[in-house]
Amino acid sequence: MLLQTKSLTKNFGGLRAVSEVDLSIKKGQIVGLIGPNGAGKTTLINLVSGFLRPSKGSIIFDGVNVTDKKPHHHARMGMGRTFQVTPFFGEFTTFENIVASYYLSADRSFWGSLFKTQKYRHKEAKVQELAEKNMKFVGLEKVRDELAGNLSHGHQKVLDLAAALAINPKFLLLDEPIGGMSREETDLALNAIKKVHEQGTTILLVEHNVSIVMGLCNHIVVINYGKKIAEGLPEEVRADPNVIRAYFGGEYAA
Ligand SMILES: Nc1ncnc2c1ncn2[C@@H]1O[C@H](COP(=O)(O)OP(=O)(O)OP(=O)(O)O)[C@@H](O)[C@H]1O
Ligand SMILES: [Mg+2]
């Protein structure tokens with residue numbers, strides 16, 4: 001098991017945003033996390049990635065108890081993430097943002113090995129080369145020299161994904177990586193996510209568009225009011241009466 005949470009719980013004052021959630025994610029899976037607005041999806045992602053500390057419960061990642069660890073520890077172990085609201089440097093180009101992601105997120109051993117074995121200019125050249133490869137991998141080469149602040153919403157989201165790839169993650173948490181995109185942008189983002197998965201990265205993805213999640217993911221977890229109410233294959237979850245009542249029956253009717 002790559003990720004295992006037990007009774008994971010987060011209280012905000014009197015509000016229980018995440019309640020007793022058990023998650024088990026195997027290496028190689030692409031898991032969809034769905035649920036209505038305010039269900040606790042982002043909070044769960046923040047807990048798993050170390051950005052929030054749980055009120056209760058435990059998180060085991062790749063055999064290590066990371067429950068009380070900080071995000072940089074998770075990153076060093078190969079856990080990457082994107083954000084629901086995309087952070088980037090608007091005054092930098094697409095390419096410069098991807099380059100910056102290597103400097104900002106790379107772990108010490110990566111730099112250590114570069115410093116020991118190569119001269120500084122070689123290190124810079126290596127980062128440029130990695131960033132170039134990464135940019136092409138996600139399909140952003142057409143907007144290479146555009147300022148990130150001027151990119152379309154979809155391209156900004158894919159840029160966030162590219163930045164998360166700088167640590168070469170074995171596990172990637174994606175919070176609405178396709179939210180609010182045009183058809184063309186959706187295809188670009190979906191294609192990039194599929195490629196990341198195919199190269200061996202395990203993925204946990206939050207997404208509102210149910211048909212996209214069902215098409216992309218081989219395992220679905222549904223939460224409502226912070227509680228896991230169903231999980232399984234897409235077709236199992238789609239047919240679950242609890243899910244239909246809590247989720248499909250509401251404003252997100254498929
Ligand atoms: N830092 C916080 N302090 C207080 N309450 C919070 C905080 N973060 C989230 N909440 C509350 O916790 C609940 C779960 O929020 P969360 O953002 O995890 O939901 P979500 O499933 O990601 O929703 P959405 O689909 O809108 O992104 C909500 O009621 C929200 O208002
Ligand atoms: Mg959210």
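Guide: Gladly! Let us begin with Leu104, which sits in helix 3, the stretch of residues 94-105. Please keep in mind that this is a predicted model. Leu104 is exposed, because its relative accessible area is 62% and the cut-off for that label is over 50%. Together with Phe89 and Phe92, Leu104 makes a nonpolar surface patch of about 310 Å².

From there, let us turn to charged pairs. The structure holds 8 salt bridges. One of them joins Glu20 and Lys56, whose closest N and O atoms are 2.4 Å apart. This pair links distant parts of the chain, with Glu20 in strand 2 and Lys56 in strand 4 (residues 56-61), 36 residues apart. Glu20 is partly exposed, at a relative accessible area of 35%, and Lys56 is partly exposed as well, at 40%.

Another salt bridge connects Glu129 with Lys126, and here the closest N and O atoms are 4.0 Å apart. Both residues belong to helix 5 (residues 120-138); because they are 3 residues apart there, about one helical turn separates them. Glu129 has a relative accessible area of 48%, so it counts as partly exposed, and Lys126 is also partly exposed, at 30% relative accessibility.

A further pair is Glu231 and Lys228, with 2.6 Å between the closest N and O atoms of their salt bridge. Glu231 is partly exposed with a relative accessible area of 34%, and Lys228 falls into that class with 29% relative accessibility. Elsewhere, Lys27, Asp62 and Lys170 are joined into one network by salt bridges that share partners.

Finally, let us visit the ligand. There are 14 residues around ligand 1, and those that come nearest are Asn37, Gly38, Lys41, Thr42 and Thr43. The side chain of Asn37 places an N or O atom 2.8 Å from an oxygen atom of ligand 1. A polar side-chain atom of Thr42 is likewise 2.8 Å from an oxygen atom of ligand 1, while a polar backbone atom of Ala39 lies 3.1 Å from a ligand oxygen. On its own, ligand 1 has 640 Å² of accessible area, of which the protein covers 61%.

As for where the shell comes from, strand 2 (15-25) and helix 1 (41-48) each supply at least two of its residues. Helix 1 gives the most, with 3 residues. Sorted by class, the shell around ligand 1 contains 7 polar, 5 nonpolar and 2 charged residues.

Notes: Residues numbered from 1 in each chain as written. Chains lettered and ligands numbered in written order. Predicted model: local features only at pLDDT ≥ 70, side-chain atom pairs only at ≥ 80, totals over all residues. Heavy atoms only, no water. Near = heavy atom within 4 Å. Polar contact = N/O pair within 3.5 Å; in protein donor to acceptor, adjacent residues only side chain to side chain. Areas by Shrake-Rupley, 256 points an atom, 1.4 Å probe, with all protein chains shown as cover. Helix = DSSP H or I, 4+ residues; strand = E, 2+ residues; numbered from the N terminus. Nonpolar A, V, L, I, M, F, W, Y, C, P; charged D, E, K, R; others polar. Patch = residues over 30% accessible without salt bridge, like charges linked within 9 Å, V, L, I, M, F, W, Y side chains within 5 Å. Salt bridge = Lys/Arg side-chain N within 4 Å of Asp/Glu carboxyl O. Buried < 20%, exposed > 50% of the residue type's maximum accessible area, 1.4 Å probe, protein only.
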